[in-house]
Amino acid sequence: MASDATESSCPKPMKATSNGVFQGDNPLDYALPLAIIQIILVVLLTRVLAFLLRPLRQPRVIAEIVGGILLGPSALGRNTHYLNSIFPSRSLTVLDTLANLGLLFFLFLVGLELDIKSLHRTGKMALAIAVAGISLPFLLGVGVSFLLRKSISEGVKEAPFLVFMGVALSITAFPVLARILAELKLLTTDVGRMAMAAAAVNDVAAWILLALAIALSGSGHSPLTSLWVLLSGAGFIICCAIIIPPVFKWMASRCHQGEPVNEMYVCATLAIVLAAGFCTDSIGIHALFGAFIIGTLIPKEGPFAGALVEKVEDLVSGLFLPLYFVSSGLKTNVATIRGAQSWGLLVLVISTACFGKIVGTVVVSLFCKIPFQESITLGFLMNTKGLVELIVLNIGKDRKVLNDQTFAICVLMAIFTTFITTPVVIAVYKPAKQAIKADYKHRTIERKDPNTQLRILACFHSTLNIPTIINLIEASRGTEKRQELRVYALHLMELSERTSAILMVHKARNNGLPFWNKLRSDANQVVVAFESFRQLNRVFIRPMTAISAMHDMHEDICTIAERKRAAIIILPFHKHQRLDGTLETTRNEFRWVNRRVLEHAPCSVGILVDRGLGGATHVSARNVSSNVTVLFFGGHDDREALAYGARMSEHPGISLTVIHVTASNDITQQTVKIDITEESSASSESTDRKFLASFKKNSDEGSVKFEERAVNNAREIVEVVKEFSRCNLFVVGRMPEGLVAAVLTEKVECPELGPIGNLLTSHEFATSASVLVVQQYSSSKSQLSSGSSTKVAELPGDDSETG
């Protein structure tokens, strides 16, 4: 009888798969189909919430925590039928196992992308802020824990409860903080740098304190048990630090750039991660620590680490990690917070957490002579919570250190402190708008004194753009009598939801590197290309990177152009050339970036249609042999194009052909009815004549060929252009002016290229020449909001703006 009673009280273990609905099975009674439904449900809900919270500029972790709570007993879980069907108690073991497995590999990735060496370079100011941001809230958390033990947490073990509450209140979520700073464009401001450096120190300290809390929360009654756990954990770390690095260095040395990483090495690494998790779990400090430690010990150089990130990250972050938020949400029951006492304690915990972090950070910041506004901003940024906070609370709940009510209070505290960060920082921190520099005089290539310094902001999306960019820079050098050419090579990267995107920004800035992150396989190509060119030629090149969301990437480009006082921005066209010679869209979003830059740029803009200018490699100065053709119709943009062509003609290896297309009498008669004011037309024509006269006078007859062609219609324009299709580069104005240009009335496919640019890139026009379409800056049509800060990492070195 007793055995029958036991069998009836204990639920039967779930089988893995069902026989199907046609066999009378309910899929929700089986582990695998139920897990699939749970994963789909949480992914859909968290993504929808993230979309809804996007206008409030909230990090995705808020949507994931809230989504987990909504799926739990606090909201949807109040319906017992739903809870018993979708999240029955007998399925929670499978759910928790999958969630913790995903979390284990996620923390391996965090360790993999964490540069321990950068902590040695943390400044004293950031270290002081980090210590204050940990110490005061930790002490206040310990103080609050005494009050909680006497009210809603009676009977829990005192020592681990004090440490868990102290850690819960003192944590700063490093990845979440990085996301917020990136969204607010504060990563490279003084506030952003300080916050990131302090948060990195805080993160490491939090893991150490968490290990201590876990050791103290063991079920052993002897204090020696906790001591043994700590000593064994320290021994494990020391053994790993001695044994693991040589193994992974050997693996990394056998992985070469441009070659796929051996699958055996990836499988061996993942097996080592699991083994390390097993060891730390056996010791008693949770499996997560083993995975994190292995990640930190893997060498970051070469393609090996990057391959691990690519193979593990999307599956873990996209599918398994959201299950951890559900697992946490199922343990969170907001309904347990009832009565004036409980709500009062919630307010107390939130107030204490905010007060400790903000006041501790502000006081030390003011002592370090940081302005008050920036100190307050730092305080709120350091108050950000996130996934690590949730890990601490869940471990405390599993170890029975935190009861349901205390757990719910701490989770709501984490949501509130993170939620208020973005709006408060936006309201408090208003950096003074960078005034337009008075010495920003040369916003165009066309200028009275052509011997003044030329500054170019050359943008590119990938290493495929680099050879043509470098060959264009080589062509733009000018003569020895000119002042130095300064080029800022800007790598445009999209700010994505992937965790590594943020950590890449952090790594780039801390290491003083530009866009070549050690986890990227194209690193060496970029470094070698720009470094060799800078050393071999009389050209200043500074590599930089801008990591932005696509919708505001143009703001970063324009801001950098104004900050560096660029005369022209070179943008890659959104299409690339296929092997058969046709142009194929690389990514349509780049087209809209180019259009917005054309509209808002503080200087001239050139869009480069790359058909392999100079070949696939950099051509040395002595081997340059290129034919450049400028098509001149008239107007501001055409004068800018000719001014650029004139500079290129000074290179000994470049011959320039200028085709001045003029109107015949027939065109003049056909365009009488066009609405062009005589005054503006006459003024433009007069300016064009003076410019051409000056160009002819100053040009070298040996390298410059000037031809004038009269045309009657658009067809003849096409024929003239086809005559010179065998050149290497066309330089044309985006919007030509005058009677001839008025003939080109056909609707164009790409308005950003203008009528001539579209002709040169059309399918019907057969040429292997690259095309540079130039728009001259005009203050009347281009306005820039110069106040936004920009996420930029650049190579350290002298960047005097006076030269």
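Buried denotes a relative accessible area under 20%, exposed one over 50%, and partly exposed the range in between (1.4 Å probe, protein chains only).

1. Basis of the note. The model is a predicted one, in which local features need pLDDT of at least 70 and side-chain atom pairs count only at pLDDT 80 or more, while totals for chains, interfaces and linings use all residues. Residues are numbered from 1 along each chain as its sequence is written, and side-chain values use heavy atoms, with hydrogens and water left out.

2. Salt bridges overall. A salt bridge is taken as a side-chain nitrogen of Lys or Arg within 4 Å of a carboxyl oxygen of Asp or Glu. By this rule there are 13 salt bridges.

3. K575 and E749. A salt bridge links the side chains of K575 and E749, at 3.1 Å from N to O. Because K575 belongs to strand β5 (residues 575-577) and E749 to the loop between α29 (739-743) and α30 (754-761), the pair ties together parts that are 174 residues apart in sequence. Helices (H or I, at least four residues) and strands (E, at least two) are DSSP runs, numbered from the N terminus. K575 has 14% relative accessibility and so counts as buried, whereas E749, with a relative accessible area of 52%, is exposed.

4. D688 and R639. The closest N and O atoms of the salt bridge between D688 and R639 are 2.6 Å apart. D688 lies in helix α27 (residues 678-698) and R639 in helix α25 (residues 636-648), so the pair ties together parts that are 49 residues apart in sequence. Both D688 and R639 are buried.

5. E64 and R60. In this salt bridge the closest N and O atoms are 3.3 Å apart. Both residues lie in helix α3 (residues 60-71), four residues apart, about one turn of the helix. E64 and R60 are both buried.

6. Packing of α8 and α17. Helix α8 (residues 158-170) packs against helix α17 (residues 387-398) at an angle of about 165 degrees, their axes being 9 Å apart. Axes are lines fitted to C-alpha atoms over the stretch in contact, and angles run from 0 to 180 degrees between N-to-C directions. Angles over 145 degrees count as roughly antiparallel, and α8 and α17 are therefore roughly antiparallel to each other. Contact (heavy atoms within 4.5 Å) is made by F164, V167 and A168 of α8 and by E389, V392, L393, I395 and G396 of α17.

Technical notes: Angles under 35 degrees count as roughly parallel, over 145 as roughly antiparallel, 65 to 115 as roughly perpendicular and the rest as oblique.
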